[in-house]
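Open the model in your viewer and keep the sequence panel beside it. This tour tells you what to select at each stop and what you will find there.

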Amino acid sequence: MGSTEKYETLSIALKSLSDRGYPTDFNLLKSHHAQNDPVWMELMENQFRIVEVHRFDGMTNVDDESVLYVIETDKGVKGTLLDAYGVDADPSLTSIIRKMRLDL
């Protein structure tokens, strides 16, 4: 189910994915509504699945290294979730991502 699309930049990937029907920025939902938003409550119940993963290497800056997860929920919400990788990864976000199903 995963895409073989290779994106040159994160901004190109986000625009393309939004155009493909993945407009929700789950990072924004997490930061503003983490405990009260029904979407994140579903997440904790393992109702999300990762359908694509795109990794971006910081060509000029190591701080730009990130992983973009393309996510669909059982309720039909589609969007993306961005995390750093390696030592810069957010441990709480990494823990949440590990609970998601992989449908790659």
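## Stop 1: a helix across the sheet

Select helix α4, residues 91–98. Helix α4 lies across β2, β3 and β4, and runs at about 135° to β4. Helices (H or I, at least four residues) and strands (E, at least two) are DSSP runs, numbered from the N terminus. Axes are lines fitted to C-alpha atoms, for helices over the stretch in contact, and angles run from 0 to 180 degrees between N-to-C directions.

A note on the source: this is a predicted model, where local features need pLDDT of at least 70, side-chain atom pairs count only at pLDDT 80 or more, and totals for chains, interfaces and linings use all residues. Residues are numbered from 1 along each chain as its sequence is written, and side-chain values use heavy atoms, with hydrogens and water left out.

## Stop 2: the whole chain

Along the sequence they follow the pattern α-β-α-α-β-β-β-α-β. Of the 104 residues, 35% are buried. Here, buried means under 20% relative accessible area, exposed over 50%, and partly exposed in between (1.4 Å probe, protein chains only).

## Stop 3: the sheet

Colour the strands. Five of them make an open sheet in the order β1-β4-β3-β2-β5, with mixed pairing. Two strands pair if DSSP finds at least two bridges between them. At the edges sit β1 (24–25) and β5 (101–102), each pairing on one side only.

Next, select helix α1, residues 10–19. Helix α1 packs on the sheet and touches β2 (48–56), β3 and β4. Its direction makes about 10° with that of β3.

## Stop 4: strand β3

Which strands pair with β3? Select residues 66–73 for β3 and 78–84 for β4. These two pair in the antiparallel sense over seven bridges. On the other pairing, β2 and β3 are also antiparallel, over eight bridges.

Show Tyr-69. Its bridge partner in β4 is Leu-81. Tyr-69 is itself the partner in β3 of Val-53. Then pick Leu-68, whose bridge partner in β4 is Leu-82.

Is β3 covered or open to the surface? Eight of its eight residues are buried. Both faces are covered. On one side are Ser-66, Leu-68, Val-70 and Glu-72. On the other are Val-67, Tyr-69, Ile-71 and Thr-73.

Follow the chain into the β3–β4 hairpin, which has four residues between the strands. Gly-76 takes a positive phi near 90° there.

## Stop 5: Leu-10

Select Leu-10, in helix α1. Why does Leu-10 count as partly exposed? Because its relative accessibility is 24%.

Show its contacts (heavy atoms within 4.5 Å). Leaving aside neighbours within four places in sequence, Leu-10 is in contact with Phe-56, Ser-66, Leu-68 and Leu-82. Now draw a distance from the C-alpha of Leu-10 to that of His-54: 8.9 Å, for residues 44 apart along the chain.

## Stop 6

End on Leu-102, in strand β5. Leu-102 counts as exposed because its relative accessibility is 58%.
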